[in-house]
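Good morning, and thank you for coming.

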Amino acid sequence: MPLSYTILVIAIPLLMFLFLGLAGVKMGKKLTGVLGVCAMGVTTVIAYAVALTYFFGTGDGQIVDGVRQQLVLNDWTWLKFSENLVVKLGVLLDPISAMMLIVITTVSFMVHLYSLGYMSDHHGKPEKGFQRYYAFLALFTFSMLGLVVSTNIFQMFIFFEMVGVSSYLLIGFYYTSPAAVHASKKAFIVTRLADLFFLIGIMVLSFYTSTFDFKALMANPTNALASAQGATFMGCSVMAWALTCIFIGGAGKSAMYPLHIWLPDAMEGPTPVSALIHAATMVVAGVYLIARMFPLYVLEQGAMDIICVVGAFTAFYAAAIACVQSDIKRALAFSTISQIAFMMTSLAVSTADGALIEIHEGYGLGYMASMFHLFTHAMFKALLFLCAGAIIHAVHSNENSDMHGLHKFMPITSIAFLIGCLAIAGIPPFAGFWSKDEILVACYAKGMGWGLWMSMVAGLTAFYMFRIYFLIFFWKKHEIHTEHAPADQPWTMTLPLIILAAISIVAGFVPAGELVTWDGAHLHTQLNWSVAGASVLIALVGIGLAFKLYYKENELPEKMKNALPNLWEAAYRRFYMDELYQFITHKVIFQNISKPIAWFDRHIIDGTMNLLGDVTNSASYAIRRLQSGSIQGYVFVYLVGALLIAAVTMICVMI
Amino acid sequence: MIFSNILIYFVIVPLLTLGGLALCSNKGVKAVRAVAVTGASVLVMLAIYLVAYFLQARAAGDTSEMLLQSKVTWYAPLNIELALGIDGVSVVMILLSAFIVFAGVFASWKMDPLPKQFFLWFFLLSTGVFGFFISIDLFTMFMFYEVALIPMYLLIGVWGSGDKNYSAMKLTLMLMGGSALLMLGIIGIYFHSSPEGQPLTMNILEIAQNNAIPHEWQYYLFPLTFVGFGILGAMFPFHTWSPDGHASAPTAVSMLHAGVLMKLGGYGCFRIAIYLMPFAATEIGWIFLTLTGISIVYGAFSACVQTDLKYINAYSSVSHCGMVLFAILMFNQTAMTGAVLQMLSHGLMTALFFALIGMIYGRTHTRDIREMGGLMQIMPYLGVGYVIAGLASLGLPGLSGFAAEMTIFFGSFEHTDTFRRVLTIVATTSIVITAVYILRVVGKLLFGAVQNEHHKELTDAVWFERLSTVTLILGVAAIGCFPNFFAEIIRYSFDPVVEALKAVGM
Amino acid sequence: MYLVPSLVMFGCGVFGFITRKNMIAILISLELMLNSVDINFVVFNRFLYPEQTEGMFFTLFAIAIAAAETAVAIALIINVYRVVKNVDINQLTKLKF
Amino acid sequence: MESLGNIILYFVAALSIMVFSVLTVTTKKILRSATYLMFVLLATAVIYFQMNYEFLGAVQIAVYAGGIVVLFVFAIMLTHKPGKDAEPLTMHKKWLGLAASLLGVAVCGYALFSYAKFCGAKITAVSTMDMSELGHTLLSTEKLGYLLPFEAISVLLLACIIGGVVIARKR
Amino acid sequence: MDYSQFLLMPQEMGLLLVFLLVFLYDTFLPQKMQKALPVFTATVFAIYTALSFIPVAAGEAFGGMFVQDPSTWVMKGILNIGTLLVLLQAIEWTNSDFVSVRRGEFYELILLTLFGMFLMISGRHFLLFVIGLETASLPLAALAAFEKNHYESHEAAAKYVFTAVFSSAVLLLGISFVYGLTGTLYFGDIAYYLVGEKSALLIAAVAFVIAGVGFKLSLVPFHLWTADVYRGAPTAVTSYLSVISKGAAAFAFLVILVQVFGAVYTSVWEWMLYVVIAITITVGNLFAIRQRNLKRFLAFSSISQAGYIMLGIIGANTMGMTAMMFYVLVYIFSNLAAFGVIAAIERKTGKVTTDDYNGLFKTNPWLSFTMMLAMFSLGGIPPFAGFFSKFFIFVGAAHQGSVAIYVLVFIALINTIISLYYYLLVVKAMFIRQDECAIPAFKSAWSERVGMALCVLGIMFIGLLSCIYTGLSQISEGVQTLFATLS
């Protein structure tokens with residue numbers, strides 16, 4: 001299939017969005033759903049074809065000197081800022097974008113399919129916004145695909161905004177629920193704040209390099225950095241600032257600490273949406289952004305260090321919180337944060353010593369590992385979320401206290417969930433093992449401390465995942481609350497689970513090292529058995545611990561909780577980050593900035609204007625006595641006026 | 001013969017419409033509507049033709065500063081002419097105005113009482129607006145400017161709501177205060193328009209050509225003209241007419257006022273204040289730059305805590321229009337292009353907002369967001385429209401606000417001095433604050449549970465309301481999706497002014 | 001020196017105009033003022049420009065004007081008297097502010 | 001002209017003008033006020049005569065003293081109410097009047113007496129204008145002729161007559 | 001004795017002829033024909049007005065005492081138009097019960113005062129000027145007292161006559177000083193003698209002359225009579241007082257200041273006038289804000305308008321003169337439109353306050369429309385004539401060029417906002433306010449309607465038709481000799 005068909009991958013969802021958005025109201029639910037799924041299926045097929053052609057094809061100068069080239073397929077001028085700065089919209093194919101096409105279309109297709117069942121009713125009532133839902137899904141898919149194929153950083157920014165909005169719309173899908181509305185608002189505003197930094201970063205970067213174009217930037221990153229030679233701001237080079245700002249943009253989307261707070265709340269949206277957006281695709285946009293600009297970052301060590309620290313901390317922080325969450329979607333959300341932080345860290349541990357030529361051991365590896373993990377994580381995390389969706393759909397609750405012991409009722413779901421857990425815990429041969437192992441290798445390459453830290457987090461991951469698993473499916477006998485006993489869901493929902501589970505098992509064998517590398521060249525990797533062994537061991541310990549604590553109902557968890565009540569409470573409340581934000585937004589911004597400004601406006605500024613009017617009026621009132629009605633008074637004023645004019649002029653002129 | 005110039009018809013058509021309306025009987029609302037729609041449609045067609053003409057002329061290599069120039073001497077002793085001419089900026093402004101007038105007619109379809117009188121004033125206002133944009137003579141520009149202002153008083157006073165007397169008076173007086181400053185400025189410019197011994201002129205192009213305004217006079221005249229127009233452009237701290245005025249104005253009037261009239265301010269600032277007095281602009285522009293910078297953030301913050309829909313929008317307008325003036329004062333092509341894009345964007349978007357607010361208000365009889373909620377369930381069409389307007393306002397790519405704001409930011413950032421850069425960064429923060437207040441109002445108004453049981457019986461938009469909003473939404477989307485089309489029309493119109501600024505050492 | 005009487009007369013006229021209550025008395029004060037101006041003209045004419053007679057003629061006409069003014073004013077006073085039954089100037093303050 | 005008699009006459013006239021002026025505006029009885037006015041006017045006429053403006057003096061006596069004062073007296077008679085002629089001045093008004101008149105006198109006095117031309121100006125050549133010359137000038141159309149004002153004032157008088165009629169009419 | 005010189009004053013002669021015709025009609029025709037007198041007068045006067053626009057030969061008469069030049073010619077024409085409008089609007093009133101016995105006198109006095117104003121305009125000798133001034137003011141006292149059944153009318157007349165006589169005494173004092181300084185009363189000769197003069201006497205003289213003429217123009221602080229007299233006098237007389245008398249005084253003032261005192265422009269009267277104008281505009285406006293009686297309201301508005309008129313004079317240039325004449329023309333139409341409406345409503349209902357006008361638009365749309373145009377024009381709103389006249393008057397003033405003038409123009413502009421405020425109050429009452437007991441719908445008389453229609457036409461088109469201003473401009477360019485002695 002010619003690569004130029006890539007444009008279709010983007011166009012079809014867009015057209016679907018417009019079509020469903022405008023005409024959906026008039027159509028039946030079935031028709032809408034089937035249409036959406038079919039369109040997505042076609043898109044998926046084309047995307048696979050394109051990606052495979054890109055990876056394995058050889059025509060049209062795809063590979064030069066053994067290096068797989070970046071291909072710019074379309075480039076349409078969207079807006080010209082100035083002669084140099086031209087925003088174009090186009091399609092860029094390179095290993096990571098091709099990979100992302102696969103990831104996005106796969107997960108999206110699964111979710112489309114899954115939603116046919118999931119979205120048909122809402123807590124037992126027929127879902128009203130079914131058409132709207134599919135339209136938004138299509139919009140999101142379009143935005144995300146547009147994001148990954150961006151040819152320039154500004155297009156990236158545009159689609160960052162677009163995915164933000166789609167995410168907003170989908171989180172707020174149940175718009176009658178205040179929680180959902182609040183969550184969607186929060187998600188949008190937090191990511192918007194991050195995007196502000198992204199924008200500033202782009203402004204600085206583009207000002208010095210005079211281009212937005214990725215290809216131009218990455219072709220010669222040293223030059224790009226050198227263009228801002230000497231320009232510093234607060235002691236650091238402006239490029240470091242620019243790249244840090246851009247990272248903050250990415251961090252917002254990817255929910256890095258401290259901009260992660262929106263993601264758990266975003267779970268208010270429909271679960272398939274969480275699977276698609278908040279687990280597999282949109283949240284990795286930040287990672288993707290850094291990866292896209294990797295050659296620049298690698299040369300700017302300061303920015304890289306910041307990313308590294310943020311990533312490592314976030315990984316642990318989120319994992320710790322995930323250990324105590326009782327809402328299964330929230331727990332999964334924190335797990336997602338933690339995993340994305342893995343990817344971030346993996347990217348950031350890459351270092352280049354000054355020049356690009358001296359490639360460090362972890363340099364290419366971290367990049368590759370990160371992307372690989374992105375891929376595998378998308379699959380198994382989507383799986384986990386969809387499983388969670390199925391469970392929620394069955395028991396109409398998110399709380400694990402309402403579940404317990406579901407294994408008997410929903411065996412397929414249980415097995416799929418177990419596969420997902422094993423994958424994320426990094427048990428061979430499941431997908432997560434392979435990618436996580438590469439990441440740990442890269443971390444150890446940077447330094448022992450980084451490696452140990454990340455290994456520990458990996459262990460924690462295994463623990464909390466299995467904690468969830470056991471709490472849902474075992475722990476104790478299920479108490480049936482609803483009229484129907486929970487059961488495995490219809491095929492539309494089960495089929496995606498099975499497919500994804502299958503992918504999760506085999507995805508680790510994809511030869512990522514040969515396909516997804518930063519420079520397009522092959523990277524030969526081999527399993528580092530010492531690292532792998534250690535990590536598997538840690539994972540097993542975690543699983544064991546979880547088994548001990550949560551497989552059967554017992555007192556132990558409660559005892560642990562009581563042993564460190566404060567810590568538990570703090571972790572359960574996500575270390576009070578939400579309260580902090582709440583404080584800043586409501587108390588500081590609303591109460592101490594907006595309210596005073598509004599007051600100032602009404603009373604001082606407007607008051608001044610009104611005062612002018614009042615002063616005029618009262619002046620008018622004050623001088624009314626002049627018009628006393630008495631002729632003699634008039635004449636007096638007349639004469640004195642004339643005499644004063646004369647006298648004053650005399651004084652002025654004569655002196 | 002001036003009548004062979006298509007531009008003059010932008011004034012003649014509204015005048016004819018006025019005449020037609022005057023002939024309608026007081027009773028028959030149908031005839032009134034028919035005349036109004038006809039007039040507005042003709043205007044839209046003329047505007048579209050004008051754009052086509054402009055593109056074709058430019059493509060054909062006509063690089064003169066103003067196209068379609070023609071002039072008739074009006075007041076020979078003072079050298080006042082009826083001088084017409086357009087450049088890219090005027091063209092898009094005319095297009096914008098035509099669309100908003102069109103949408104405004106439909107938005108006031110059910111105007112009551114006195115529909116005939118309403119449309120009379122409405123079209124008088126549009127006459128002023130179009131006249132302003134096609135003129136290149138200071139006097140006629142000023143005249144049309146005032147023609148556009150005064151109908152506002154009655155439109156708000158008679159057909160408004162709430163504390164309309166106060167608002168109408170305040171609005172009129174403040175804007176007239178602005179025009180008083182402006183008049184002084186224009187007189188000052190006039191008397192220094194030519195070198196010693198040559199006849200004075202009111203023609204903007206000639207004045208710019210002569211470049212004879214002494215520098216020490218520019219120091220007085222620039223602030224006069226800039227503030228004069230700035231008041232209309234809702235520049236801090238002269239914006240306070242805007243919240244009250246908009247809150248009381250009837251829908252179509254708010255639309256026209258925010259959509260078009262406020263643009264007169266930005267347009268005038270650029271066309272008269274900066275173009276004619278580049279020296280003072282570079283010397284003391286920073287004062288106004290600071291003020292507009294404050295406007296942007298200040299308006300946005302103020303909007304955050306308002307509870308009246310129209311107040312929110314009015315403050316949002318302060319912020320957005322501040323952006324326009326801010327960009328104009330950045331003195332480079334990119335930023336100025338952005339300013340005009342922002343004018344277009346804000347014009348359509350705010351008109352859309354006000355149209356929707358009017359329609360919602362017409363149903364719920366309240367504009368207090370605390371008393372409403374969950375309207376999306378009741379009137380999905382209006383709800384979706386409102387969300388689209390909101391998204392345009394907060395700068396969603398694909399809708400108009402984004403392209404405009406980005407052009408402004410990138411243009412502003414082209415400056416290397418710290419002052420401008422810091423201001424630019426400050427201005428960019430508005431995109432977050434905008435998101436905050438837009439989402440706040442959308443969340444409270446449209447989402448959530450229905451607050452008032454009575455609202456459940458309300459109906460969704462009817463055909464003329466839909467037509468009105470669809471027109472505007474299409475405009476918003478057109479600018480958002482194809483900004484370059486508009487930017488290319490606009491961009492080169494700024495060459496003369498940028499060169500003039502460069503010549504004085506900008 | 002010849003102007004002193006006229007000056008005093010004018011001052012008296014002003015004083016009378018402002019202080020008197022009776023409208024006729026006010027009119028009398030006015031006559032003083034007009035007359036003082038006449039003296040001015042005559043004195044200027046005689047002392048400074050004796051070769052011509054413009055001042056004298058002006059005075060001549062001024063006397064006629066004064067007569068006309070007085071006539072109209074007195075007619076009005078009497079008219080007012082008919083309505084309000086006295087000639088107190090303080091009565092005429094209904095129109096004010 | 002500069003005879004002692006003339007000077008004495010002048011002083012007598014000037015003094016009586018001043019004294020009677022003051023009396024005119026300060027007397028409480030309105031009729032006396034009118035009488036004092038007549039004295040002032042007559043004294044003015046004396047000054048005119050003394051300056052050889054006989055015609056003017058005559059007009060002054062005839063129109064002013066004869067006509068206007070009589071008019072005043074009639075008016076007083078018409079409007080006078082016995083026992084009501086005492087009009088106590090309010091202090092407030094008195095001060096205002098005094099201030100205004102003093103200010104006026106001060107300004108005018110300063111203006112007049114600071115003017116160099118006046119100091120030491122003397123009556124020089126005394127050329128009397130005989131009646132025929134005066135009449136010719138009055139009806140001349142040349143420069144320094146007064147035909148037009150003469151005609152114009154007749155219009156003025158006509159207007160005042162009509163006005164008087166309008167005012168005086170009962171309806 | 002060259003009586004042919006009277007031929008140089010055809011407008012004055014014509015006016016006297018009209019007067020005679022009216023006088024004879026009034027005196028000799030039988031009672032039953034008297035009812036047609038107003039129409040007769042208006043017709044004759046209309047013919048005369050039309051004829052008065054026949055260009056006349058420019059020249060001096062009576063040894064320079066009387067001057068006829070294009071500017072005086074056109075100014076008289078303008079005043080004729082205004083008077084015609086006043087006459088038209090007065091027809092219905094003079095046929096009303098209480099006035100009809102005296103209607104002949106009304107017209108005769110109006111015509112005679114107009115004659116006086118013509119003398120003021122054309123007179124180039126102080127004696128003629130003073131006679132003109134008196135002719136223009138004394139009969140007005142009689143006119144003010146015209147409504148005998150109203151107490152206010154009497155009070156107004158008394159106030160008018162006392163202040164008028166007082167001010168003429170002050171004016172005469174000023175003139176006597178001028179005479180003392182120069183020994184002549186011919187304008188041209190005075191100017192010649194005054195070159196380089198700079199004495200206290202001159203300053204006092206100028207101040208007193210400004211006071212004397214300022215009284216007619218009702219400049220602050222010589223304005224206090226205005227409101228009371230306007231309020232008390234019959235509306236027809238008020239409208240006459242407010243426009244015609246003011247216009248004539250403005251022109252005469254220009255001539256005196258520029259021609260007589262032109263030599264001492266910068267040294268003496270520029271700053272006097274500067275202050276007077278500033279406080280005139282401001283005080284007039286401040287008083288106007290609080291007025292609820294429309295006639296009083298228009299009185300104060302006319303005070304501030306007088307300030308604007310003076311702006312055309314302070315520049316002391318031809319541009320200002322053109323603007324001044326143009327302003328007067330526009331002002332005539334605008335103010336008379338307002339007074340026409342007020343008169344019509346007052347005649348029908350006796351109501352004259354703004355509150356009475358609440359909801360007028362509902363009942364009497366055309367009257368409201370006329371009134372609104374008048375208010376907009378007075379407030380200087382385009383495209384109505386008032387906008388143009390204001391703009392030109394500012395341009396005329398600013399043409400002088402000093403920064404001080406710009407500041408003055410600025411003050412004036414700020415005042416336009418205040419004035420707009422109170423003009424809009426009237427509009428608000430008519431259009432926005434609602435009232436259950438609004439003035440009921442009525443049909444105004446044909447003559448009133450013709451008068452108002454003419455005013456509306458004037459308001460709408462005087463500004464848009466540039467030929468009027470251009471013509472005036474050519475005329476004032478043609479009398480540049482007036483400005484010859486300007487320093």
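Which residues does E:Leu15 touch, not counting residues up to four places away in sequence? E:Leu15 touches E:Tyr48, E:Leu111, E:Leu114, E:Phe115 and E:Phe118. Two residues are in contact if their C-beta atoms, placed from the backbone, lie within 7 Å.

Before I continue, a word on the source. This is a predicted model, in which local features need pLDDT of at least 70 and side-chain atom pairs count only at pLDDT 80 or more, while totals for chains, interfaces and linings use all residues. Residues are numbered from 1 along each chain as its sequence is written, and chains are lettered from A and ligands numbered from 1 in the order in which they are written.

Let us return to E:Leu15, which is placed in helix 1 of chain E, residues 10-28. Helices here are DSSP runs (H or I, at least four residues), numbered from the N terminus. E:Leu15 counts as buried because it has 23 C-beta neighbours inside 10 Å. A residue is buried if 20 or more other C-beta atoms lie within 10 Å of its own, exposed if 12 or fewer, and partly exposed in between. Although E:Leu15 and E:Leu114 are 99 residues apart along the chain, their C-alpha atoms are separated by 8.2 Å.

Next, a pair of helices in chain E. Helix 11 (residues 265-289) and helix 17 (residues 403-432) of chain E pack at an angle of about 10°, and their axes are 9 Å apart. Axes are lines fitted to C-alpha atoms, for helices over the stretch in contact, and angles run from 0 to 180 degrees between N-to-C directions. Helix 11 and helix 17 of chain E are therefore roughly parallel to each other, a term for angles under 35 degrees. Among the residues that make the contact are E:Tyr274 and E:Ile277 of helix 11 of chain E, and E:Ala404 and E:Leu408 of helix 17 of chain E. The residues of this contact divide into 13 nonpolar, 4 polar and no charged. In this count, Ala, Val, Leu, Ile, Met, Phe, Trp, Tyr, Cys and Pro are nonpolar, Asp, Glu, Lys and Arg are charged, and the others, Gly among them, are polar.

What follows helix 11 of chain E? E:Arg290 lies in the loop between helix 11 and helix 12 (294-314) of chain E. E:Arg290 has 16 C-beta neighbours inside 10 Å and so counts as partly exposed. Leaving out residues up to four places away in sequence, E:Arg290 touches A:Ser620, A:Tyr621 and A:Arg624.

I turn now to the chains. Of the 8 pairs of chains in contact, chains C and D share the most contacts. There, 63 residues of chain D are in contact with 53 residues of chain C. Helix 3 of chain D gives the largest share of the side of chain D that touches chain C, 13 residues. By class, that side of chain D has 44 nonpolar, 15 polar and 4 charged residues. No contact joins chain B and chain D, and their closest C-alpha atoms lie 37 Å apart.

Finally, consider helix 6 of chain A, residues 178-209, which has 32 residues. Of these, 28 are buried, so helix 6 of chain A is largely enclosed by the rest of the structure. Just after helix 6 of chain A, A:Ser210 takes a positive phi of about 60°. Thank you for your attention.

Terms used:
Helix = DSSP H or I, 4+ residues; strand = E, 2+ residues; numbered from the N terminus. Parallel < 35°, antiparallel > 145°, perpendicular 65-115°, else oblique. Expected span 1.5 Å × (residues − 1).
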